[in-house]
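Subject: Structure for your review

Dear colleague,

Please find below the structure that I am handing over to you. My notes on what was found in it follow.

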Amino acid sequence: MLLSYLPLLIIALFGVGAFYASRARISAAPQRALPGLPGHYGWYGTLWTVVPAALVYAVWTIIDDQVIRNIVLSDFPELSGAAATLLYVSIENAAAGVMTDDVPMASVELLLNLENLSAAARFALVTAVSVLGFFWGWRRIRPELTARDRVETALLVALFIASIIAILTTVGIVLSLVVETFRFFQLVSPFEFFFGLEWSPQIALRDDQVAASGAFGAVPVFAGTLLITVIAMLVAGPIGLMSAIYLAEYAHPRVRAVIKPLLEILAGIPTVVYGFFAALVLAPSMRNLGVDLGLTISSESALAAGLIMGIMIIPFVSSLSDDIMTAVPMSLREGSYGLGATASETIKRVILPAATPGIVGGFMLAISRAIGETMIVVMAAGLAANLTANPFEAVTTVTVQIATLLVGDHEFDSEKTMAAFALGLTLFFVTLALNVVALRVVQKYSERYE
Amino acid sequence: MVNAGTASSPQPKLVAREVSVFYGEKQAVFDVDLDIMPREVTAFIGPSGCGKSTLLRCFNRMNDLIENCRITGSMLLDGGDIAGSDVDVVQLRTRIGMVFQKPNPFPKSVYDNVAYGPRLHGVAPTRSELDELVETSLRRAGIWDEVKDRIDQPGTSLSGGQQQRLCIARAIAIRPDVLLMDEPCSALDPIATATIEELIDELKSEYTIIIVTHNMQQAARVSQRTAFLNLGRLIEFDETQKIFTNPSEPSTQDYITGRFG
């Protein structure tokens, strides 16, 4: 165990040492106009000492399990697939001290030996590469070396890799969704999925089970998402925008300093807390209110979920809108006031038009949150996929269905689980389209002040 | 004209008596007494931070926008109070327009910039009246010929000097009596500055103008009277010619000859 992390410690220590050694080396050199500060030469030495060694460590760690497995299993050429995996897992368990029956002790012995050998070899190799890297860098540290450029380039590469990681992850997610969705559409026709009006993903576990056939019409699920999102935005839009206007244009700085953080706390409350507040407090009281008014309000309703979700996303609208309105230059306000405009006229005719891009951004963020929200809907709006526009009825949303489809003991290649990927991919494209449209609208109609 | 203060001279347009301005505890303007004559250009000069902009902004109550700002003393426009807390500030600002240091056209079209004030106050209710008012205002600001073909383009797309003339057109579109100009040329190049100065000279036939400037040549060129302020106090206020040729105060002499400031 110690041997597996020791190389990292060695690399880190060598890296620190290389920094000071390299810096000292260049400082000892005859002084003249260096293409870099002494620190740049230090970092140059550190980079040569750390980066190749760390790469070797990473590559070795990734492939050594596979290599060991192949060597151990080469004694059992007759096994393949799941049987080989099963055997290897029990060998590993035995090696880890968990006793299992029927494990060939010779293989356990072999595994332990190989693992130790691998760790020792890795340690030796990483240390060697680190030392070699250090001397390679050390030899090149001369006053002619453009150390600043080299270090800046290395930094640039690191920044580029960091930015690529997020993109690659997104691409990977989309690809996995696409593959699974494609498999789903081989079992269920896309026509049924996109236009079917009934959602009841009940796949039989046994052939003789009642209600053995599922229905995969996604329309009610998307309609439920739309309904709840609209209700949430009807709450969060006006309240968020008006509180932003108050905070940005009217509130005394001291009042603003108190109210704004308090509003932002709303976004920090875990959604599950909102969920049980909606389910235990809001929904029952709304049902009772409905009884008093002679309305039929289901105890799990789109309205309850939408209202609570609206409250939750107020800060996304208000905080961003407030920031963007505060950023509108004072000179525009003065220009308007100087022409005899009142505060509200100035807000309506100058501040809001100039702040539109940011306000739309806040709305889009809020909508994305509403669409993606799962917990509140599970608790407050239920699981019944009713196709209805009546906010007093129970509905369900895309994300809730994805969660319930994947929480269960179905195999991963049943229609039921793969339907989750189809829902996910469709949702992804819907939100993407929404963002693109919003961006276009903003570009076309906003009043840019600089 | 030469003998200011004789019985034949007209009533002052604006009167300030013992005006002091405080930002919180700090006093920025000390007991200023000033009479601004109608249809003349009055220049406020003085070193940075002397309170000339602050004093200017008292006339249309722009200091109301600043937290902790307090004004004492009395100020009158045509004999009516403008400093009191019960004054209708919106009404006041339609009579006293303002042009700012940095051109600040709204991010709207040239037309909408000029039509902004008239629309607020319902000055030109029909479309044709508004069209006419926009054109007259732009003509009077000497920018009509340059923008008549791009009246629907954003005001922010114009050059700096054009933007400032657009702001002047915007200010005169609501037909004020007084125009306050807070260093209107400080962000402009010399050619644009010359255009604005000519414009100011023409506008004085209809408007009472107060201009704050750092540029003493500009004060000498465009104004009939000049007030010299230093450290928040009004040091000297007289005809421009006298201020620049034969000032009574030694510190005015020092400032205009460039010995300080």
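A residue is called buried here if 20 or more other C-beta atoms lie within 10 Å of its own, exposed if 12 or fewer do, and partly exposed in between, with C-beta atoms placed from the backbone. This is a predicted model, in which local features need pLDDT of at least 70 and side-chain atom pairs count only at pLDDT 80 or more, while totals for chains, interfaces and linings use all residues. Residues are numbered from 1 along each chain as its sequence is written, and chains are lettered from A and ligands numbered from 1 in the order in which they are written.

Chain B

Chain B contains ten helices and ten strands; these are DSSP runs numbered from the N terminus, helices being H or I of at least four residues and strands E of at least two. Its radius of gyration is 18 Å, close to the 18 Å that the globule rule gives for 261 residues, so chain B is as compact as a globular protein of that length. The radius is taken over C-alpha atoms, and the rule is 2.2 Å times the number of residues to the power 0.38. Of the 261 residues in chain B, 44% are buried.

Strand β9(B), residues 225–230, is mostly covered, with six of its six residues buried. On one side lie Arg225(B), Ala227(B) and Leu229(B), and on the other Thr226(B), Phe228(B) and Asn230(B); both faces are covered. Strands are taken to pair if DSSP finds at least two bridges between them. β3(B), residues 41–45, runs parallel to β9(B) and is joined to it by four bridges, and Phe228(B) is the bridge partner of Ile45(B). β10(B), residues 233–239, runs antiparallel to β9(B), with six bridges between them; here Phe237(B) stands opposite Ala227(B). β9(B) and β10(B) form a hairpin with two residues between them, and Leu231(B) in the turn has a positive phi of about 50°.

Where chains A and B meet

Contact between two residues means that their C-beta atoms, placed from the backbone, lie within 7 Å. By this criterion, 16 residues of chain A are in contact with 21 residues of chain B.

Within α11(A), Gly335(A), Ser336(A), Tyr337(A) and Gly338(A) are buried. The buried residues of α11(A) pack against α12 of chain A together with α2 (89–95) and β6 (96–99) of chain B. Just after α11(A), Gly340(A) takes a positive phi of about 85°.

Chain A

Leaving aside residues up to four places away in sequence, Ala380(A) touches several residues, including Gly275(A), Ala304(A), Ala305(A) and Ile308(A).

In helix α14(A), residues 398–406, the buried residues include Val398(A), Val400(A), Ile402(A) and Leu405(A). Their cover includes α7 (219–250), α12, α13 (375–380) and α15 (415–445) of chain A.

Yours sincerely
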